[in-house]
Number of protein chains: 2
Amino acid sequence: VSGVALVLVAHGSRREASNAEVRALAATLAARAEGQFSSVHAGFLELAEPSIPEAIAAAIAAGAREVRVLPWFLSAGRHVSEDIPAQVAEARARHPGVPIHLLGHAGALPGMAEILLAAAGGGGG
Amino acid sequence: VSGVALVLVAHGSRREASNAEVRALAATLAARAEGQFSSVHAGFLELAEPSIPEAIAAAIAAGAREVRVLPWFLSAGRHVSEDIPAQVAEARARHPGVPIHLLGHAGALPGMAEILLAAAGGGGG
């Protein structure tokens with residue numbers, strides 16, 4: 001148990017299967033984290049629960065002494081540049097003793113090009 | 001030159017910076033493909049150009065003898081399950097001599113959990 005929690009933040013959808021996909025990914029991350037994170041949570045910007053501040057509060061209630069927030073978004077639109085930072089700022093104000101770090105969005109993460117190329121396979125022709 | 005072209009398919013946005021991000025990713029993929037693909041193209045479901053059939057047609061006009069279509073989407077909603085397959089089917093009907101393969105969407109690709117965990121870092125506490 002590292003004391004660091006990860007909160008995966010998605011947009012949220014009226015289609016519950018999409019929200020379930022996000023929760024399943026958070027569970028996969030928890031299973032593979034192998035002590036890297038004390039807990040992994042899913043949070044939603046809108047249309048699904050828990051909200052981002054709720055997910056952060058749950059991580060802290062579960063004992064996290066540090067929280068890292070990872071936006072599960074492909075592009076750096078308004079949600080990534082404004083809405084999520086605003087909600088993270090709100091969580092910081094509520095939990096002044098806990099560092100809450102906002103990471104870069106998923107679409108621009110290092111290694112993304114490599115897994116796309118690997119998935120698209122090679123050779124052919 | 002492998003004869004295989006990759007078409008990265010995104011939703012498309014009214015925000016041109018988001019479309020530019022997709023085109024930049026396609027350019028990154030082309031630069032890193034190192035002969036794996038003869039060309040890499042971006043195509044858009046709506047709100048931006050070229051369309052998916054136009055991007056596929058451009059790949060074939062550039063000499064591709066096989067096309068692989070990779071949906072740049074995080075979740076398997078209606079766009080991934082219905083709209084993109086319909087446009088790919090349209091392209092197949094127009095280009096009967098060229099195999100056009102539709103790959104799984106980006107959010108569910110192998111290796112995704114690993115790059116998220118790597119980005120979120122470790123240790124702490």
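Q: Which residue forms a salt bridge with B:R23?
A: Side chains of opposite charge can pair when their charged atoms come close. In this predicted model, the partner of B:R23 is B:E16, and their closest N and O atoms lie 2.7 Å apart. B:R23 is partly exposed, with a relative accessible area of 32%, and B:E16 also counts as partly exposed, at 46%.

Q: With which residue does A:R23 form a salt bridge?
A: In chain A, A:R23 forms a salt bridge with A:E16, with 2.7 Å between the closest N and O atoms. The relative accessibility of A:R23 is 33%, so this residue counts as partly exposed. A:E16, at 45%, is likewise classed as partly exposed.

Q: Are B:E66 and B:R68 buried or exposed?
A: The cut-off to apply is that buried means under 20% relative accessible area. B:E66 has 13% relative accessibility and therefore counts as buried. B:R68 has 10% and therefore counts as buried. These two residues form a salt bridge with each other, in which the closest N and O atoms are 2.9 Å apart.

Q: How many salt bridges are there over all chains, and how many lie across the interface of chain A and chain B?
A: The count over all chains is 10 salt bridges. Across the interface of chain A and chain B there are 2. One of the salt bridges joins A:R32 to B:E114, and the closest N and O atoms of that pair are 2.5 Å apart.

Q: Which elements of chain A give two or more residues to the side that touches chain B?
A: They are strand 1, helix 1 (16–33), strand 3 and helix 4 (112–120) of chain A. Helix 4 of chain A gives the largest share, 8 residues. By residue type, this side of chain A divides into 23 nonpolar, 14 polar and 7 charged residues. Between the two chains, 13 residue pairs are in polar contact, counting pairs with both residues at pLDDT 80 or more.

Q: How is the size of the contact between chain A and chain B expressed?
A: The size of an interface is often given as the accessible area lost when the parts come together. For chain A and chain B the buried area is about 3500 Å², and carbon and sulfur atoms give 65% of that area. Of the area that chain A buries against chain B, A:L74, A:L116 and A:L117 supply 19%, more than any other three residues. In terms of residues, the contact takes 44 from chain A and 44 from chain B.

Q: Which residues are buried in helix 2 of chain A?
A: In this helix, residues 52–61, the buried residues are A:I52, A:P53, A:A55, A:I56, A:A59 and A:I60. They cover an arc of only 165 degrees around the axis, which means that they lie on the same side of helix 2 of chain A. There they pack against strand 1 (4–10), strand 2 (39–44), strand 3 (66–71), helix 3 (78–94) and strand 4 (100–102) of chain A. After helix 2 of chain A comes A:G63, whose phi is positive, near 110 degrees.

Q: Which residues are buried in helix 2 of chain B?
A: In helix 2 of chain B, B:I52, B:P53, B:A55, B:I56, B:A59 and B:I60 are buried. These residues fall within an arc of 160 degrees when seen down the axis, so they line one face of helix 2 of chain B. Among the elements that cover them are strand 1 (4–10) and helix 3 (78–94) of chain B. Helix 2 of chain B is followed by B:G63, with a positive phi near 110 degrees.

Terms used: Residues numbered from 1 in each chain as written. Chains lettered and ligands numbered in written order. Predicted model: local features only at pLDDT ≥ 70, side-chain atom pairs only at ≥ 80, totals over all residues. Heavy atoms only, no water. Buried < 20%, exposed > 50% of the residue type's maximum accessible area, 1.4 Å probe, protein only. Helix = DSSP H or I, 4+ residues; strand = E, 2+ residues; numbered from the N terminus. Arc of directions from axis to C-beta. Contact = heavy atoms within 4.5 Å. Buried area = accessible area lost by both parts, 1.4 Å probe. Salt bridge = Lys/Arg side-chain N within 4 Å of Asp/Glu carboxyl O. Polar contact = N/O pair within 3.5 Å; in protein donor to acceptor, adjacent residues only side chain to side chain. Nonpolar A, V, L, I, M, F, W, Y, C, P; charged D, E, K, R; others polar.
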